[in-house]
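Q: Can you walk me through this structure? I'd like the folds, the helix packing and the contact between the chains.

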Amino acid sequence: MRFIFKTHYNQDIQLAKHSGHVFWYGLLLLLLVLSPVLLDEYWLAQLTFVLIYGIVGLGLMLLAGFTGLFSIGHAAFLGVGAYTQAVCTQAGMSFVPALICATGLSAAVGVLVGLPALRIKGIYLGIATLSFGFIVEEVLARWESVTGGNAGIHLKAPNLWGHTVNSAEGFYFLCLVLAVISTLGVLNLLRSPTGRAFVAIRDSEISAQSMGIHLAYYKTLSFAVSAALAGLGGALYGHKMQFISPDQFSVLQSIDLLLMIVVGGLGSVHGAFLGALFLIVLPQLISLTKDSLPDAIALAPGLQSLVYGLVLIAFVLFEPMGLYGRWLKVRTYLQVFPFYRRGLFKRQKTFQKSERVR
Amino acid sequence: MSDTLLQAHDLSVQFGGVRAVHEVNFDVRQGEVFTLIGPNGAGKTTVFNLISRIYNPTHGHITWHGPQGVVNLTQRPPHSMAQLGIARTFQNIELFEHASVLQNLLIGRHVHQQTGFWQNLLFTPAVRRSERAFRAYAEQVIELLDLQHHRDALVAGLPYGVRKVVELARALCTDPKLLLLDEPSSGLNTEETDDMAFWIRDIQQELGVTILMVEHDMRLVSMVSDRVLAMNQGQVLALGSPSEVQSHPRVVEAYLGSADDVSHLRRNTP
């Protein structure tokens, strides 16, 4: 077990709490940098998607996991980002300005959706964001002069200051850099007063308000940041897919995103990336195991959805803290070995119900 | 009066046909412990919620005589109360359950943040400095209220008595001028109540914070209060020192019923 002897407040403020963090995250970063060498082209593409979904997951995690506002229409922000990127690059803008436009427009749409969210909570907010998702999908399909309608739209390879990023490796590094920047940004927010305000709103709006937190401002801000990250992810997604059409941003995609953060572990930054890993790798695993399954099962339609559904149910029932929660338990088991006892993580139920002033 | 901190003028609130609070007038003086007592449903917590702007009064208003000058509280949004220097605790603890005690206290420093969103996003040196200052302040409060052992514990796992103290600590972290305590001793045992009384005195005398509280435990009330306001059914019954109010005939009547009420039950003894 590691005991940290704290001698300065900075130790609680720093991102890396001890040398172990520096070592392991350094190793992870090194592996990520080396992966174009280590992985073949197919798996590198999958890893790129993990990074892209990780960025989107960060956004949704900030909104749902840290501010407690659920969005069942998050694919819409992804779509806004992807289409803005497509339209901007087709108009001749280079990659970075177009990316800023995509992120900015998504954030603006996020503010627009966040405004009604100030008045509605819980399941009603879910329904509102769900219908917003439908609206955006419909707009993308019908506004043919800009979006190309159901025929979709093609994206060129990103153009960085005159250099065209044609190779898969180049684009992978682009995604890696943006993913690292987004993660650091979210971590910074979370350790600052802004992030604490988000968590306060999640846990008790009434006392957040009495602590001087402007609910409307912070809820809208959370929506904006979340949408901006989804837009950023969407723009990268568009470039990676090279072709986008409205049905890629349907409600199914939104549910995938939600599934991703729940499986990853609500309320943890790790969870966003673990969830993305899960979301990308699971279909691959299913198709790999298909070969060894009898035809009756392997060729059955909806096998993937079935497995997805079962996994989600299993997580909600047995591991509500998701993959990250499971990892914490494994880590603790290893740290205290051989002193782990059953029920170490059994939480006491608190029976005091507070009748909250709403 | 120059030493008045908070003044309620004809404060009334009506929920449908219920007059929860009816034309209540009182003033809280700088540096005192002012207690509201009364039977259940007397409107004490409603008065609290009026002051912290969770409810809007249907009639009347509240004025705040703080360092900012005279402010009409009823025209201010709820989140600006902490900015003015009014902090509160809740009858049913409202802590941020999934955060550590320290984080709860740091949220109390929220109103003192000088840095904006973009600075926070980049975690500039200014943010780092202010985080350190917040932490130093929170540590002072931790020391005052003996919370060192629970500093890094999640609130969700803490016993009720400790949560009460954490809530008090969080309110203190806002550096308030006026502290509203909603039943600080409910759910505490005798020993914890004595600690609470001690801290309330400490906060009042050493930090110079004015305290307005709702309390049922008359032992605690008489230990710490300078003045007591008794309410029943939304109206003021009596105002004065703890002993005066306790022996006030209308207060006794509100709690125990009047002598006439039971007269017909008496046995006719010769």
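What follows is a short chat about the structure.

Q: What kind of model is this?
A: This is a predicted model.

Q: Start with chain A. How many helices and strands does chain A have?
A: Chain A has 16 helices and four strands.

Q: What radius of gyration does chain A have, and what would a compact globule have?
A: Chain A has 21 Å. A compact globule of 358 residues would have a value near 21 Å, so the two agree.

Q: And what box do the C-alpha atoms of chain A fill?
A: Roughly 60 × 50 × 50 Å, along the principal axes.

Q: Now helix packing. At what angle do α4(A) and α11(A) pack?
A: At about 55°, with the axes 7 Å apart. The two helices are therefore oblique to each other. α4(A) passes α11(A) in a right-handed crossing.

Q: Which residues make the contact?
A: On α4(A), they include F77(A), L78(A), G79(A) and G81(A). On α11(A), they include G231(A), L232(A), G233(A) and G234(A). By class, the contact has 10 nonpolar, nine polar and no charged residues.

Q: At what angle does α4(A) pack with α12(A)?
A: Helix α4 (residues 74-90) and helix α12 (residues 251-264) of chain A pack at about 110°, and their axes are 7 Å apart. That angle makes α4(A) roughly perpendicular to α12(A). The crossing is right-handed.

Q: Which residues meet there?
A: H74(A), A75(A) and L78(A) come from α4(A). Their counterparts in α12(A) are Q253(A), S254(A) and L257(A). The contact of α4(A) with α12(A) has three nonpolar, three polar and no charged residues.

Q: Change of topic: the interface. How many residues of each chain are in contact?
A: 30 residues of chain A touch 36 residues of chain B.

Q: Which elements of chain A give two or more residues to that side?
A: They are α8 (168-190), α9 (193-203), α10 (205-210) and α11 (215-241) of chain A. α9(A) gives the largest share, seven residues.

Q: What classes are on the chain A side?
A: 13 nonpolar, 13 polar and four charged residues.

Q: On to chain B. What is the strand order in the open sheet?
A: The six strands run β6-β7-β8-β3-β9-β10 (chain B), with mixed pairing. β6 (86-88) and β10 (235-240) of chain B stand at the edges. Each has a single partner strand, so one side of each is left without a neighbour in the sheet. The twist averages 20° from one strand to the next.

Q: How many bridges join β3 to β9 in chain B?
A: Four. β3 (residues 33-37) and β9 (residues 227-232) of chain B run parallel. T35(B) stands opposite V228(B) in β9(B).

Q: Which strands does helix α7 of chain B lie across?
A: Helix α7 (residues 190-206) lies across β3, β7 (178-182) and β8 (210-214) of chain B. The helix runs at about 150° to β8(B).

Q: Last one. At what angle do α3 and α6 of chain B pack?
A: Helix α3 (residues 101-108) and helix α6 (residues 160-173) of chain B pack at about 35°, with their axes 7 Å apart. The crossing of α3(B) and α6(B) is right-handed. The contact includes V101(B), L105(B) and I107(B) of α3(B), and V166(B), A169(B) and R170(B) of α6(B). By class, seven residues of the contact of α3(B) with α6(B) are nonpolar, two polar and one charged.

Note on methods
Residues are numbered from 1 along each chain as its sequence is written. Chains are lettered from A and ligands numbered from 1 in the order in which they are written. This is a predicted model: local features need pLDDT of at least 70, side-chain atom pairs count only at pLDDT 80 or more; totals for chains, interfaces and linings use all residues. Two strands pair if DSSP finds at least two bridges between them. Axes are lines fitted to C-alpha atoms, for helices over the stretch in contact, and angles run from 0 to 180 degrees between N-to-C directions. Two residues are in contact if their C-beta atoms, placed from the backbone, lie within 7 Å. Angles under 35 degrees count as roughly parallel, over 145 as roughly antiparallel, 65 to 115 as roughly perpendicular and the rest as oblique. A crossing is left-handed if the near helix is turned anticlockwise from the far one by less than a right angle, and right-handed if clockwise. Ala, Val, Leu, Ile, Met, Phe, Trp, Tyr, Cys and Pro count as nonpolar, Asp, Glu, Lys and Arg as charged, and the others, Gly among them, as polar. The radius of gyration is taken over C-alpha atoms; the globule rule is 2.2 Å times the number of residues to the power 0.38.
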